[in-house]
Amino acid sequence: MVKELNVIKKHFRHGMIRVALVYPNIYKVMSSSLFINLAYYLLNSYDHILVERFFLKNSFGEEPLPRSIESGTPLSNFDIILFSVHYEPDYVNIVRMLQAANIEPLRNKRKNKMVIVGGPPLIANPEPLAEIADVIVIGELESTYEKLIEFDKDSLKGSDGFYITERGKSEFVTRSWVENLDNAFYPVRQIIPLDIEPVYGKSFLLETSRGCSRACRFCMEGHIFLPKRDRSLSSIKNIVSMGLRLNNVNKVTILSLSYFDHPQSREILTYLIDDEKVQISVPSLRADSLDYEKIELIAKGGQKSLTIAPEVGSLRLGEMINKIIPLNTTIEVAKMAKMLHFDHIKLYFMVGLPNETMDDIRSLIEYIKSINRIIDTKVTITPFIPKAHTPFQWIGMRPMDEIRAKLSLIRDQIKNIDYYDERLALIQAVLSLGDRSLGKILIKWASYGGGLAGWRRSIRDYDISYVFKGRSLNDELPWSHIDLGFEKIITKSFEKFKSMNTM
């Protein structure tokens, strides 16, 4: 039994709607989810709705009967099951948890239960879960909850951001989003674990911006949350003032795709450090948005490392992905971090990008070595994963043998590097780019207990070649009926990318 601060415990009354809020991953990951806090407090603010939380107990293998954190009530006792997903390989955990609760996972065979799913990867492409979920939310909770809490799928419309999966592609689904974050509900009261350390540590989660204007061609979240929106400084001050009082923490974790793109980013940090006197954590930074004053502010807030994602080691590839972070820029950041006594810098890179050569990999190796000569450097390498609703949705993933050869070259030259398993990267790509036929694969995978071994068994007779072939602009995509409002932007970006390779 986990110990937590700010838990809501309602007594069930006749006529109440029981909603299970489920995170299909382990508790430590769930405890760092702003969305879980948002949905938990927003939906529980209604007297006729009782919301209790569930999480995954075992990452693979047999899953025990799911019981709620608040009261230990079995998942099968709830009327509505609401899943929040942020990571494609967690799709199988949705099925595993339903099966563990003796709830039929297939939508057309399930009775008396409504399964609703939302989250960034499903905004981009909901089709892999279309045979599992009754409703998939294409958009943001703050702009959809008023219609969602009717919990009547027949009254929900695609024009309001709801994909009723049994209707298939018979209607377009338009993304629903919040125009002004200052006017949206914010969970100033948050669940604080008392005996388990969350991913970001025990802190107040503060979202300063949503979306990103940088238009990196590989980035799904940067596209699906367009346009970029910033909370005002006055709104942030109100949120933080109440949040620190209600949550008994002395640390604030800032959530943003590129924090210093906020027009009042310096003022926010100054307020947090000097006025509220709290520690800060700024996980997402771009080297080209940093200067000495900003890095000094971060150090003053108690942060001991800087996390930067150059993604590539050559300017040519930087132009291809529309994210150019020259080596000299990162070197200057490393020197300033060293002067300000940071422990280390974390760098994130990708391999297997379109048109990448071994010379690009050698440039990446030199990039890492150059930074490591200045300051202790921790590096994570991830294979490129094409994502729906990005300009690279038409680009195939590189063959696994090629990716492994490039990783091997890096391993020979650089020690102590973390690698995201290329097999998991392939799973992500299959699910990101796939259609609703994957529903049966997910059920088969869940029956094998999930995990890599279960995945291999489940796709023995399934054709995943589309991941490597890519698609043309004329092809109908599995997610073509999902209108996020920026299709012309990503098409133009893709055409510019193609022109770079024909010059």
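Predicted model: local features only at pLDDT ≥ 70, side-chain atom pairs only at ≥ 80, totals over all residues.
**Cores, salt bridges and selected residues**

The largest nonpolar core comprises 141 residues, and those with the most contacts inside it are Leu206, Leu269 and Leu272. Helix α14, spanning residues 422-433, gives the most to this core, contributing seven residues. Apart from this core lies another, of 31 residues, which includes Ala39, Val51, Val137 and Leu156. Around leucine 272, and not counting residues up to four places away in sequence, the residues touched are Leu206, Val240, Val252, Ile254, Lys277, Val278 and Ile280.

Turning to charged pairs, a search of the whole structure finds 35 salt bridges. One of them joins arginine 107 to glutamate 131, with the closest N and O atoms 3.2 Å apart. This pair links distant parts of the chain, 24 residues apart: arginine 107 sits in the loop between α3 (91-100) and β5 (114-118), and glutamate 131 in the loop between α4 (120-124) and β6 (135-137). Both arginine 107 and glutamate 131 are buried.

Another salt bridge connects aspartate 134 with lysine 153, where the closest N and O atoms are 3.9 Å apart. Aspartate 134 belongs to the loop between α4 and β6, while lysine 153 belongs to the loop between α5 (141-148) and β7 (162-164), so the pair ties together parts that are 19 residues apart in sequence. Aspartate 134 and lysine 153 are buried.

The salt bridge between the side chains of glutamate 171 and arginine 167 has an N to O distance of 2.8 Å. Glutamate 171 counts as partly exposed because its relative accessibility is 25%, and arginine 167, at 25%, counts as partly exposed too. Elsewhere, salt bridges that share partners join Glu140, Glu142, Glu207, Arg210, Arg229 and Arg231 into one network.

One member of that network, Glu140, is also among the contacts of serine 176. Serine 176 lies in the loop between β8 (173-174) and β9 (192-193) and counts as buried because its relative accessibility is 12%. Its side chain makes a polar contact of 2.7 Å with the side chain of serine 143. Leaving aside neighbours within four places in sequence, the contacts of serine 176 are Ile138, Gly139, Glu140, Ser143, Thr144, Asp160 and Gly161.

Among the helices, α12 (residues 358-372) has 15 residues and reaches 21 Å from its first C-alpha to its last, close to the 21 Å expected at 1.5 Å a residue. At the start of α12, a side-chain oxygen of threonine 357 comes to within 3.3 Å of the backbone nitrogen of aspartate 359. The buried residues in this helix include Asp360, Ile361, Leu364 and Ile365, and Tyr367, Ile368, Ser370 and Ile371 are buried as well.

Cysteine 212 is in no disulfide, and the nearest cysteine sulfur is that of cysteine 216. Cysteine 212 is buried, with a relative accessible area of 11%, and cysteine 216 is buried at 8%.

Methods: Residues numbered from 1 in each chain as written. Heavy atoms only, no water. Helix = DSSP H or I, 4+ residues; strand = E, 2+ residues; numbered from the N terminus. Buried < 20%, exposed > 50% of the residue type's maximum accessible area, 1.4 Å probe, protein only. Polar contact = N/O pair within 3.5 Å; in protein donor to acceptor, adjacent residues only side chain to side chain. Contact = heavy atoms within 4.5 Å. Salt bridge = Lys/Arg side-chain N within 4 Å of Asp/Glu carboxyl O. Core = buried A, V, L, I, M, F, W, Y, C linked by side-chain atoms within 4.5 Å. Expected span 1.5 Å × (residues − 1). Disulfide = S-S within 2.5 Å.
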